[in-house]
Amino acid sequence: MRRASGSEVLGRVVETLKRLGAESVTVTQEGVVLSTVTKDRLRDFVRALIREYGESLRHSTCMGTDLRPVRGSFSVTHVLALDGLRLYLLVETEAFGNRPKVPSLTPLLPAANWAEREARDLLGIEFEGHPEPVKLILPDPWPEGVFPLRKDYPYNKKLYETPAQVRGVRGEPRFFSAKPSPPSESVREGCALIPVGPYHPALHEPEYYELYVEGERIVEARYRGFFVHRGMEKLAESRMTINQVPFLAERICGICGYTHACAYCQAVEAAARIEVPERALYIRSILLEIERLHSHILWFGVAFHMLGFDTGFMAMWRIREEVMRVAEALTGNRKTYGMNLVGGVRRDIDEGKASLVLRMLESVEGEFRRFCDSVLSMREVVERVKEVGVLTREDARRLGAVGPHARASGLGIDVRVDHPYAAYRFVDVNVAVRDSCDVLARILVRYDEVIESVRLIRELLKNMPKGELMAEYGDLPPLRVGLGATEAPRGEDIHLVITGRGNKLYRWRPRAPSYVNLATVPTMLEGERLANAPIIIASIDPCFSCTDHVVVVDLRTGVRRRMNLLRNALTRG
Amino acid sequence: MSAASPLLACAFILVNVASLAVLALILDGVDRKVRARVQRRVGPPILQTLYDVLKLYRRPVTRDELAGPFHSVAPALAFATSLVGAAVIPSLLPTSGFQGDLIVAVYLISSVSAITSFGAASSGIPFSVVGGWREASLMMTSELVLGATVAAIASSSGSLMLSSLMPLIRPSTVKVSPIIALASLALLTYVEGGRLPFEIAEAEPELAGGVASGYGGPSLALLMHSLLLKRVLLATLFLDLLVPWGAISNALGAPLGLAVRALAFTLALTLVSLVSAVIEALYGRCRPGHAISIVKKALIVSGVALIAACVGF
């Protein structure tokens with residue numbers, strides 16, 4: 001443990017929370033404090049917290065839970081990060097009734113916007129005083145009063161059984177459009193609309209940006225996402241046992257899946273107080289860094305492609321290929337490693353594999369440095385990304401940006417350091433921070449992180465202790481809250497779980513880093529030139545599948561309908 | 001050397017048009033192969049662009065009710081214009097030419113860009129409109145460069161007929177202006193060829209194909225083909241002014257001279273393509289404003305060449 005004063009800090013924070021009016025304060029796991037607050041006092045409580053901790057308080061996410069079968073109420077748990085103090089504060093509040101109401105925190109903490117709307121869509125919890133109380137996740141024609149994540153909504157229920165039902169009562173096709181809320185009248189009248197999405201070469205997954213442009217200048221940008229709903233939360237809560245979910249969690253993302261598997265396992269391990277063997281923690285960290293390597297190098301390729309520099313794109317993916325081969329040698333898979341179970345890992349890294357990794361690091365580091373150094377010394381490339389897509393430190397803080405994106409705006413937050421997990425408590429991580437707040441800064445931060453990952457893997461391999469790979473444990477204690485946080489390649493990845501009976505989950509709420517980073521994109525696009533839009537969108541390394549994983553929508557939304565959406569947008573523009 | 005009889009002249013023109021039309025597609029295949037090799041890829045077969053175009057011709061014609069009437073005509077018109085360009089400009093085989101064919105050639109090449117951007121502008125698709133706007137603004141600047149360059153060369157050689165212009169050979173004394181003008185024409189050949197970093201009108205990651213995004217099937221094939229043909233025409237114009245092809249074929253006499261000329265010309269075109277492809281692989285796309293400002297610098301250079309030519313340098 002590197003922090004000697006950890007318990008003092010914790011004691012002081014617990015005191016503060018009690019003084020500010022929390023009904024109960026419990027330390028649920030190392031670095032996590034759960035306080036319950038009545039809903040009438042919630043806003044005052046959070047306001048007092050903001051006064052107390054100021055800038056260092058960050059709204060991370062919130063989880064709505066249907067606790068009616070156990071407690072007869074709904075609960076809303078806000079996750080507030082105190083990065084400087086290495087703590088997560090869980091603030092839980094209860095609400096009763098069929099349409100429960102709790103005060104919205106968005107007016108105080110704008111980063112709460114999406115998470116609250118998600119709870120509203122899926123659980124029917126109303127957030128009083130929310131500035132933008134419109135649908136976020138469910139498509140616009142979704143029937144009123146149907147909330148898929150409530151416990152009384154069966155996971156296998158189909159909203160529409162027959163094609164006729166899908167078409168609707170009057171035989172009109174239901175357009176499952178999900179348009180962003182429209183901008184002001186003057187913007188709509190005076191500007192041309194460029195629809196970027198749901199299908200666009202710059203987006204590798206379906207998302208929708210509406211860019212209102214004057215000539216080539218973007219006047220206003222609107223975003224709507226959540227087109228790809230896979231219903232993972234519902235699936236995990238209804239059908240899976242705790243050791244099946246790691247494999248589902250890993251499939252949240254095709255790039256950084258392992259980080260989700262880790263965050264999930266950490267959350268359950270924390271809830272059940274399972275001590276994971278040190279060797280397993282090291283193996284997790286090594287794999288997480290290998291994943292970061294491949295993810296960042298992949299991103300460099302995509303960024304070069306957005307700049308039209310395909311030679312760079314190809315070079316990066318060629319370099320990345322070696323990382324993929326090593327991942328396959330270590331885990332059996334190039335991606336979706338399938339290495340985690342609650343309590344440890346499934347495969348060891350022996351000396352032969354370790355030397356394979358070291359050899360890979362040697363060549364990847366060399367080639368990556370050589371290529372990127374020469375590209376970053378090209379004036380044409382630097383000029384295209386310098387002072388482009390600026391997100392000021394204040395905006396990054398306000399909107400809750402995380403990961404390399406936040407670090408490029410001068411915020412030195414990194415879960416590996418702020419809330420150490422896996423083997424990061426045994427090694428020193430150098431956090432790359434830049435403060436020019438533009439796309440160039442994001443490139444440079446990721447460049448430094450690739451080099452740092454290489455260093456970390458070497459150090460972890462050197463220090464890895466001998467020992468077991470799995471912890472032994474019995475049945476899960478029910479209704480315990482656990483939080484797992486990892487630094488995914490794109491930033492803070494948070495998984496909250498509430499354990500259920502029979503080794504199942506009562507509630508699982510993963511929140512991927514892109515979820516919060518995406519909300520910053522419209523701010524960065526406004527005032528920019530259209531030609532810069534792709535690289536700005538790409539600069540946060542958006543992962544839509546991560547963001548979109550959460551909902552049950554079993555509606556056959558065909559390609560033609562989406563095209564109609566595009567067509568509607570066009571005729572309007 | 002010009003063809004003696006009108007019939008032979010017609011045959012020469014037909015050969016030129018047909019071979020440039022095919023070469024345009026094959027040279028693009030060569031480009032793609034070269035770019036792939038620079039990027040350490042295997043790349044598509046050299047005939048891939050030809051296969052692509054042939055495949056597109058077999059696709060059904062689609063109509064977009066949002067598009068204006070000019071949108072659907074534009075590709076055919078652009079293709080016809082570039083074919084006429086291929087007939088006017090001497091290439092593999094000499095054409096008899098006429099006084100002022102230089103101006104006609106410049107006009108035809110510019111028309112292809114103009115038609116493309118008008119077609120895109122009337123598509124009603126925002127990406128196309130922006131792409132068309134980019135094409136038009138790049139064209140307007142670069143046509144000025146082309147005009148000034150050609151005027152400089154014409155004025156220093158005292159002719160407006162392509163076959164009699166040999167700016168680097170004709171004058172008994174070495175002049176500066178044609179050299180500057182040719183350098184600026186070389187840049188322009190590259191820029192107007194729609195190559196990176198100047199490929200801003202299609203810009204796939206930004207504009208989803210831009211000027212081409214409203215087209216599919218045969219119209220897309222025609223548009224692609226005419227843009228590629230325009231690229232070859234620019235290179236042909238440049239080569240015509242750089243190398244005294246007439247002198248080569250005259251020296252060897254018909255038919256050997258003609259055969260050698262045709263072969264050498266094809267090789268020269270391939271060389272231009274190879275060099276351009278390698279340059280292209282080393283660059284990313286620049287911002288539209290930046291692209292235009294580079295062309296404006298070329299305009300200053302060609303302006304200098306024109307003034308120098310007028311005062312006799």
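How many of the seven residues of strand 9 of chain A are buried? Six are, and the strand, residues 208–214, is mostly covered; buried means under 20% relative accessible area with a 1.4 Å probe, protein chains only. Strands (E, at least two residues) and helices (H or I, at least four) are DSSP runs, numbered from the N terminus.

This is a predicted model, in which local features need pLDDT of at least 70 and side-chain atom pairs count only at pLDDT 80 or more, while totals for chains, interfaces and linings use all residues. Residues are numbered from 1 along each chain as its sequence is written, and side-chain values use heavy atoms, without hydrogens and water.

Strand 9 of chain A pairs with two strands, where pairing requires at least two DSSP bridges.

| Partner in chain A | Bridges to strand 9 | Direction | Residues opposite |
|---|---|---|---|
| Strand 8 (residues 192–196) | five bridges | antiparallel | A:Ile194 and A:Leu211 |
| Strand 10 (residues 217–224) | seven bridges | antiparallel | A:Tyr212 and A:Glu220 |

Strands 9 and 10 of chain A form a hairpin with two residues between them. In its turn, A:Gly215 has a positive phi of about 60°.

At the interface, 25 residues of chain B are in contact (heavy atoms within 4.5 Å) with 30 residues of chain A. The two chains bury about 2,400 Å² between them, 60% of it on carbon and sulfur atoms; this is the accessible area (1.4 Å probe) lost on being put together, summed over both.

Definitions and conventions
Chains lettered and ligands numbered in written order. Buried < 20%, exposed > 50% of the residue type's maximum accessible area, 1.4 Å probe, protein only.
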